[in-house]
Amino acid sequence: MQARKKYVLLGLCMCCWLLLYYWGGLQERLLGLITHKRGEVARPWPSWLDRDLLPGYADQAELQNDGGSGDSPRQRRQSWAGIYKDSRCRMDTCFDFARCQGQSGFRVYIYPPEKGERVSESYHKILTSVVESRYYTSDPREACLFVLGIDTLDRDQLSTQFVPNVDERIRGYPLWNDGRNHVIFNLYSGTWPNYTEDLGFNVGQAILAKASLNTEHFRPGFDISIPLFSKEHPQKGGERGWLVRNTVPPRRKYLLMFKGKRYLTGIGSDTRNALHHIHNGKDIVSLTTCRHGKDWEKHKDTRCDHDNQEYERFDYQELLHNSTFCLVPRGRRLGSFRFLESLQAACIPVLLSNGWELPFSDVIQWNQAVIEGDERLLLQVPSTVRAVGIDRVLALRQRTQMLWEAYFSSVDKIVLTTLEIIKDRVYSHISRNKFMWNALPGGLLVLPEYSTHLAHYPFYYLNLGISPGQEFTAVIHATSPLVSQSQPIMKLLQVVSKSKYCSQIIILWNSEKPPPHRSKWPPMPVPLIITDGRRKVSIQVREQSSHITCDYILTSDKIDFAFHVWRSFPERIVGYPPRSHFWDPVKKAWGYTSKWTNEYSIVLTGAAFYHRYYHHLFSHYLPSSLRVLVDRTSNCEDILMNFLVSSVTNLPPIKVAQRKQYKEMPTLQGTKTAPWVNPEHFTQRQECVSTFASWFGYMPLVHSQFRLDPVLFKDHVSVLRKRYKDLERV
């Protein structure tokens, strides 16, 4: 009986739910019919009529007309579906991996420009970055990825840089294939008044590298959000971040600042119209001006004159330099130039741009560098930033500098980051992890083909709490034929092999005569490998993995001490002979000097320790043009290695020992002359410094007055108590 009652009750409940659903749905449909018959138009919710609900924000007319499109979410989705017909594209459905599996690997092809084709300055920089990258190919058959030669950056139909008829032109490309394996760069989409995401042509299955991307139609793992940058953004290098030193406490004169345009009508006006509510003129400065555009006076309101007057009181650069937090509200589009400006200035960005997919969000952990606010909760922003602790402020500011210098300071870095993200997707089995992207020196300087293990990279030892290995490989350049056992190279072999840290010795044979048989070499306590060094220098560097190279007369004590120092600084070059660079104001060029002064910026790799990963970077990161220069002149490889390592670490090399007592090994009479004897040798090195600085886009070398000696060096104690006795001998 009890079970029967339960079933009856359940049946009655089901009937009640069905009746409610039926009559409720019918009532809604009848109400809709009645409304349409009366000719009424339903307003989108919410339709605020009570002025007291939002005092001071806007009047009743502004609340009824929010300046946006007024489209419902369904209408917006339908319009986006028309623009992005392949909105469900993912790498496994809209990308042909087979094109990237050949011997050529990851190569990028740019369509040649048509006759009379003009591109904007910004798009020219993007194309130049691709052409000068290590991935560029001029053969489309080798290409894994394709970039249009048509300028697609500005798709605002009212812009003078708008390119018409893109759809017809790209459909005529034999390799278009509905956009598959193509990447399309875009900074501006849509036009007045709604600024939709319409590019004016069907992107098909192409990857969008786009600024101001909306999360609602961003295709995760396929599209790439890039930052909005101005045409003045540098091609290479770029300015360094503004955080010169970490002051404690890390507070600045102003807590929060914004200075920019106020839109009186149209999309984006809601947020900026409300910014004046948080301005107090003391520690929070929020300034807007109506004075922009051609017809601003036609739309000016009662606040415009006062806002314009207050706007002129403060200098924008002064505010940037002296503010802890910077508001980054949306403009007409979701992105803003202020985002990159804030990162560079170490002014922590406070984002007010709901729905913005942040740049390179696939790999960058933005919660470590920015504060994401809500446009609808503007009045809570001051209390939110006041609650951020000192330690958190310091960490956020440091992270802004790391991200700026690693990914955003130049167009080159923005483009290369885009390509590297795509490459990681294509070769996911050898890709960078999130730690590599979000730790110094940044993902661009971590080549996963070398290794996917953090412990194999010199700049992660400190973070991981580990030390480098206790052995090294020595590489010795031999330029003279082996005539007698008393030659300097034989003495050097004996000295190096006696080091208890040496695991093997590699001799690069650079003499015109063939190397002698192994039996002619003295017995070694470690393996001895002799390889042909007459090939190009870049090939030598590529094929050998070592911690020290030796062209100089050394002692075992000197080698052991330098190795101990290197183990404490494994990310740097540690060695003996120093050199320096300088700026020549007369020639307006960088110079090179071998004079012994109070500072240095280069340690010659002829007698130096460095991590073997830098060999891999030398061959696979640097462009072929620099390696060709080194190969052609048989010179400057040591300077280029110093440029490379300093660009990674932002630190100088480390010099050890005291006296000017390191001489290159002399050459025998009748043998090949040493390169440093050639008068052109020094001139070539001068030119190399300028050429390398030009490619890097800035001067990465850092001067230092720092030298390391043993603890008891030159102390008036017994020699028996000193560990490295030979260092004090002349």
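Mentor: Happy to! A disulfide here is a pair of cysteine sulfur atoms within 2.5 Å. Before we look, please keep in mind that this is a predicted model, in which local features need pLDDT of at least 70 and side-chain atom pairs count only at pLDDT 80 or more, while totals for chains, interfaces and linings use all residues. Residues are numbered from 1 along each chain as its sequence is written, and side-chain values use heavy atoms, with hydrogens and water left out.

Searching the whole structure gives 5 disulfides. If you number the bonded cysteines of the chain in sequence order, they pair as 1-2, 3-4, 5-6, 7-8, 9-10.

Let's begin with C89 and C94, which are joined with an S to S distance of 2.0 Å. The angle about their S-S bond is -80°, a left-handed link. Both C89 and C94 are buried, where buried means under 20% relative accessible area, exposed means over 50%, and partly exposed lies in between (1.4 Å probe, protein chains only).

Next come C290 and C304, with 2.2 Å from S to S. This link is left-handed too, with -95° about the S-S bond. C290 counts as buried because its relative accessibility is 1%, and C304 is buried because its relative accessible area is 0%.

Now move along to C326 and C347, whose sulfur atoms are 2.0 Å apart in their disulfide. Here the link is right-handed, with 105° about the S-S bond. The pair connects distant parts of the chain, 21 residues apart: C326 sits in strand β8 (residues 323–329), and C347 in the loop between α11 (338–344) and β9 (348–352). With a relative accessible area of 1%, C326 is buried, and C347 counts as buried at 0% relative accessibility.

One more cysteine to find on your screen is C502, which counts as buried because its relative accessibility is 6%.

Definitions and conventions:
Helix = DSSP H or I, 4+ residues; strand = E, 2+ residues; numbered from the N terminus.
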